[in-house]
Amino acid sequence: MIQIENLVKSFGPKRAVDGVTFNVERGEVLGFLGPNGAGKSTTMRMITGFIPPSEGKVAVGGYDVVESPLQVKRLIGYLPEAAPAYPDMTVHGFLAFAADMRGLTGEAKSRAIGRVVELCFLSSVLHQGIDTLSKGYKHRTCLAQALIHDPEVLVLDEPTDGLDPNQKHEVRNLIRDLGRSKAVVFSTHILEEVDAACTRAIIIDRGRIVANGTPAELRGMSALAGAVTVSGEGVKAEALASLGRVELVDGAYRVFPADKSAGGELAREVAALATREGWRLEALRTEEGQLDEVFRSITLPDTVKK
Amino acid sequence: MMSSWKTVRTIAHRELTSYFSSPVAYVFLVIFLLLTGFFTFTAGGFFERGEASLASFFAWHPWLYLVLVPAVGMRLWSEERRSGTLELLLTMPVTTWQAILGKFIASWAFLALALALTFPVVITVNVLGSPDNGVIATGYLGSLLLAGAYLAVTCMTSAMTRNQVVAFIISVLICLFLILCGYSPVTDLLTRWASPVVVDTVAAFSVMTHFNGFQKGVIDSRDLLFFFSVIGFALFATSVILRSHRAG
């Protein structure tokens, strides 16, 4: 549904987005990760046609964003960063405006409003002015606006920003459900959301894609992935050293395999070793790798950047 | 074609509703009516003139609009930019032109409403004497076009900045220039230094020159062309400004 080819956006001498290429198909939820200022929002603004690309191509549903912006905009539901909404309108008025803009009328319009009000839990504030809403409600009002025409493509810029943990959970589930029938791109810097909602994730840093894969693949990139953590009475580092490099972490020994692809093999070897040596094991665990570690290792922190 | 007009209407409707959702619109209407009344009857000497015309009413409009029209139009784009709703609006299926037209039409309609509410002055002059109502009609037309020209200028300055006050001040300055370059005290002063051709050329850019025709009951196609050119140019400039902001 979304094809992005060698996308570049320069603001003066700065290249905010620098040669980004990826595709999103129907049925996919793509998580867009990256430190602040990495170019996530800029990329999304180019997909939705708000700002024109400096170079490269964006096509949504086969339509080029620059050549046929209206067709592209009809296909997309967009939640901009910070979830703007007209403060002088009521929630219902705002959603009715969004429905009008999407060409919905009469019965279809009231059904669409009813559907998004239910999806985004807005019924209690339906006739309240948007300026009186709490941040969470305001955010969901803007999300409801993005869903009103049941779009085939959803672009959500930090959809869970400013929500409380329960709301975050609901929105993640919503995104996952929507992703079964639509193409969804959402940006976040909360790594757990990648596991909770994404089928695929892209990590972007200083305008470039630095990683692209399923959450499991990304975790596999971690140095920790495949390591075995073992603790218990009598465990000796010297004996473990025959299996791989050993580190002492919080009172437990962590063995790093020489060959990561071996899977659960190392854990079995450690278990066998424990039986031979007569250790009384308390815990034995193969590490999956942690996304935040991968994230930190491939994106430079702000403080290092010039 | 139908659907693009419908989009313009939807935007205009939202804009107009937002005027009336706050007390500012009503305050504006009251101030406008009070000021037109004051200028017509007190400062304009409506009764002392002893003639059945609305000359003293319309004569003040260029000056009244100078402050009031920018006040109506200053929020059109700057507020959208400040609150981020511009991104929302322009990623809906609209063209920049539809958005500009929708907003312009809404605020022009609001000004037309304010102008229409001055109808008691027409009744007054008709009760007191027998004025030429044709001249009054063209006067109203000229006044509406003048408001439209100022409004288009304000639309342009509003797109320049996310600060409403800045938009207001810049548009007052531009509109003031549009008045003064054809205001007779200023043009008289200019003739001392510049050749009459230069003075006439500058004066041709003035709203005063083109506004006065309407007050005499004349609808001159050149005057119409002038006002519609100013509106067209300013709205075109608005679209260029909006596009350049997004291009970064």
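The model is predicted: local features need pLDDT of at least 70 and side-chain atom pairs count only at pLDDT 80 or more, whereas totals for chains, interfaces and linings use all residues. Residues are numbered from 1 along each chain as its sequence is written, and chains are lettered from A and ligands numbered from 1 in the order in which they are written.

Helices here are DSSP runs (H or I, at least four residues), numbered from the N terminus.

Next, select α5 of chain B, residues 61–73. A kink of about 30° lies at B:Val67, shortly before B:Pro70; the bend is the angle between axes fitted to the seven residues ending there and the seven starting there.

Proceed to the largest nonpolar core, of 131 residues, where B:Ala152 and A:Leu95 are among those touching the most other members. Such a core is a set of buried Ala, Val, Leu, Ile, Met, Phe, Trp, Tyr and Cys residues joined through C-beta atoms within 7 Å, buried meaning 20 or more other C-beta atoms within 10 Å of a residue's own. Helix α10 (133–160) of chain B contributes the largest share, 11 residues.

Finally, select domain 1 (2–220) and domain 2 (228–287) of chain A, bounds that come from an automatic or database assignment. Their C-alpha centres lie 44 Å apart.

Terms used. Helices (H or I, at least four residues) and strands (E, at least two) are DSSP runs, numbered from the N terminus. The expected span of a helix is 1.5 Å times one less than its number of residues. A residue is buried if 20 or more other C-beta atoms lie within 10 Å of its own, exposed if 12 or fewer, and partly exposed in between; C-beta atoms are placed from the backbone.
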